Amino acid sequence: MSKIVRTVANQLILFVVIFGLYVIIQGHVTPGGGFQGGAIIASGAVLLIVASGSQEIKTWLRERRLSVVESSGALLFILLAFAGIGTVFFFNFLVGSRLFGGIPSVGPNPGDVWTGGVIPLMNLGVGLKVMAGLSAVVLALALFSGGEELEE
Amino acid sequence: MRQFFGWLSLVVLMVFLVIGALFIMRPFGEPPSVMDDYIIDNAQEEAASNNVVAAVLFDYRGFDTLGEATVLFAAVTGALLVLRASHKKEET
């Protein structure tokens, strides 16, 4: 693509990633969550690929590394699920502990990010997984499809 | 003939199960269950998250989310396998 598109995309990717991380981290307080935030960040990867071409992205982003990130996100999710197995699989064992805040008061309240027990951590794991998975698929499609590279 | 009776017994069993399920179904329009009321009332104390949807997704119905993640993992793995294989075949 042209220089204008590339410059704007390079500036814009920062805001896209920040907004995706916000949706992931605030998933247990506001609407959103791991899947949605990961999809937002993956759309940022699509923006970069469209703007600067897959051959340039290839030099610093490989879909093999993205697969590693995706698997580690899934492992984080499953390990957090197993951590509560003293009671039941997927037991929320961090609720009310001092590290992750108390229980929020019932009713309309501002919402504290540090509540929720293991739910934010699981959101983070799922967010990593979705982000890396969708980016890896898009990158592989762009790299391996064998189509003509978009120039100018 | 034996095969025919096997299929016939299967059909009879299916019809029996479907009719039985129809009889124990809740009447149309009745409040569905006590499960959602329980979750709405107790999600904030038990899961400590303001977003009850997130509490249901990651706490009460964690298995469902695990299945979703597995589906995504399988999709990504399959896509990468197919694309890499076709890429290598083109190169050689």
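A polar contact is a pair of N or O atoms within 3.5 Å; within protein, one must be able to donate a hydrogen and the other to accept it, and residues adjacent in sequence count only if both atoms are side-chain atoms. The model is predicted, so local features need pLDDT of at least 70 and side-chain atom pairs pLDDT 80 or more, while totals for chains, interfaces and linings use all residues. Residues are numbered from 1 along each chain as written, chains are lettered from A in the order written, and side-chain values use heavy atoms, without hydrogens and water.

**Exercise 1.** Describe the surroundings of Glu70(A).

*Solution.*
- Glu70(A) belongs to helix 4 (residues 63–83) of chain A, a helix being a DSSP run of H or I of at least four residues, numbered from the N terminus.
- Its relative accessible area is 2%, so Glu70(A) is buried (under 20%, 1.4 Å probe, protein chains only).
- Its side chain makes a polar contact with that of Lys129(A), at 3.2 Å.
- Among the residues touched by Glu70(A), leaving out those up to four places away in sequence, are Ala132(A), Leu72(B) and Phe73(B) (contact: heavy atoms within 4.5 Å).

**Exercise 2.** Characterise the interface of chain A and chain B.

*Solution.*
- In contact are 42 residues of chain A and 27 residues of chain B.
- Of the polar contacts, 4 residue pairs are counted between the chains, both residues at pLDDT 80 or more.
- Helix 4 and helix 5 (119–144) of chain A each supply at least two residues to the side that touches chain B.
- Helix 5 of chain A gives the largest share of that side, 13 residues.

Methods: Buried means under 20% relative accessible area, exposed over 50%, partly exposed in between (1.4 Å probe, protein chains only).
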